[in-house]
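The sequence and structure come first.

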Amino acid sequence: MRFQGGNGLVLTASILLLFSAAPAARADVSAGVRGGLSVKPDQFLFGGHLELSPIAHQLYVVPSAEVGVGDNLFSLSMSGDLQYRFRSHSDIRPYAGGGLSLYHADPEGGGSDTQLGVSVLGGIFFGRNSRRPMFIDGKLGFDQVPDWKFVFGVTFR
């Protein structure tokens, strides 16, 4: 799905409002920071995420937003990922899932474009019982979002 010009910016702002309203409905919300790399386009990424209460046993919705710079392109990505967190008897916990992303790209020289895409993901949480759990994850993107993303993050509880 492709959005161009002002329509994409209106849609982007609407989704940001939805993400900001989501924590108000949840009593158990944590926020964090994230950073990493993407491939095609080759960019450095930084942004933030929310960790909401589970929607089912071991199933979480994790909204995030990232800014990308590099490869003669500025990008803004907003994602709503669904994560299944596997049981673990240690402080390390793997997860897998997928999600939808709204991806806005603004290349140098003009011609910005906004796309809706799909990705699958997997990762590992470290220190899940600490006040600042960390994670590393990878995303394989389809449908007009970066081919790969590798992200490291910290959540503040």
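## Cavities

On a 1 Å grid over the protein atoms alone, a cavity is a set of points where a 1.4 Å probe fits but cannot get out, and lining residues have an atom within 4 Å of a point. Grid points are joined across faces, edges and corners, and a volume is the space filled by probe spheres set on the points. This is a predicted model, in which local features need pLDDT of at least 70 and side-chain atom pairs count only at pLDDT 80 or more, while totals for chains, interfaces and linings use all residues. Residues are numbered from 1 along each chain as its sequence is written, and side-chain values use heavy atoms, with hydrogens and water left out.

There are 2 cavities of 30 Å³ or more. The largest cavity holds about 100 Å³; among its 13 lining residues, Arg34, His49, Val62, Gln83 and Phe135 are the closest to its centre. Strand β5 gives the largest share of this lining, 3 residues. The second largest cavity, of about 60 Å³, has Ser77, Ser79, Ser101, Ser119 and Trp148 among its lining residues.

## Largest pocket

A pocket is an open set of grid points with protein on both sides within 12 Å along at least five of seven lines. The largest one has a volume of about 220 Å³. Its lining includes Asp28, Glu51, Tyr60, Phe125 and the arginines Arg85, Arg93, Arg128 and Arg157.

## Strand pairing

Strands are DSSP runs of E of at least two residues, numbered from the N terminus, and two of them pair if DSSP finds at least two bridges between them. Strands β3 (residues 43-51) and β4 (residues 59-70) run antiparallel, joined by 6 bridges. The antiparallel pairing of β4 with β5 (residues 73-85) has 12 bridges.

Gly68 of β4 is the bridge partner of Leu45, and Gly68 is also bridged to Ser75 in β5. The hairpin of β4 and β5 has 2 residues between the strands, and Asp71 there takes a positive phi near 60°.

## Aromatic pairs

Rings of Phe, Tyr and Trp (its six-membered ring) pair if their centres lie within 6.5 Å; planes under 30 degrees apart count as stacked, over 60 as edge-to-face and the rest as tilted. The model has 4 aromatic pairs by this rule. Phe125 and Phe135 form an edge-to-face pair because their planes are at 65°, with ring centres 6.2 Å apart. Phe125 lies in β7 (residues 113-126) and Phe135 in β8 (residues 134-142).

Methods
Helices (H or I, at least four residues) and strands (E, at least two) are DSSP runs, numbered from the N terminus.
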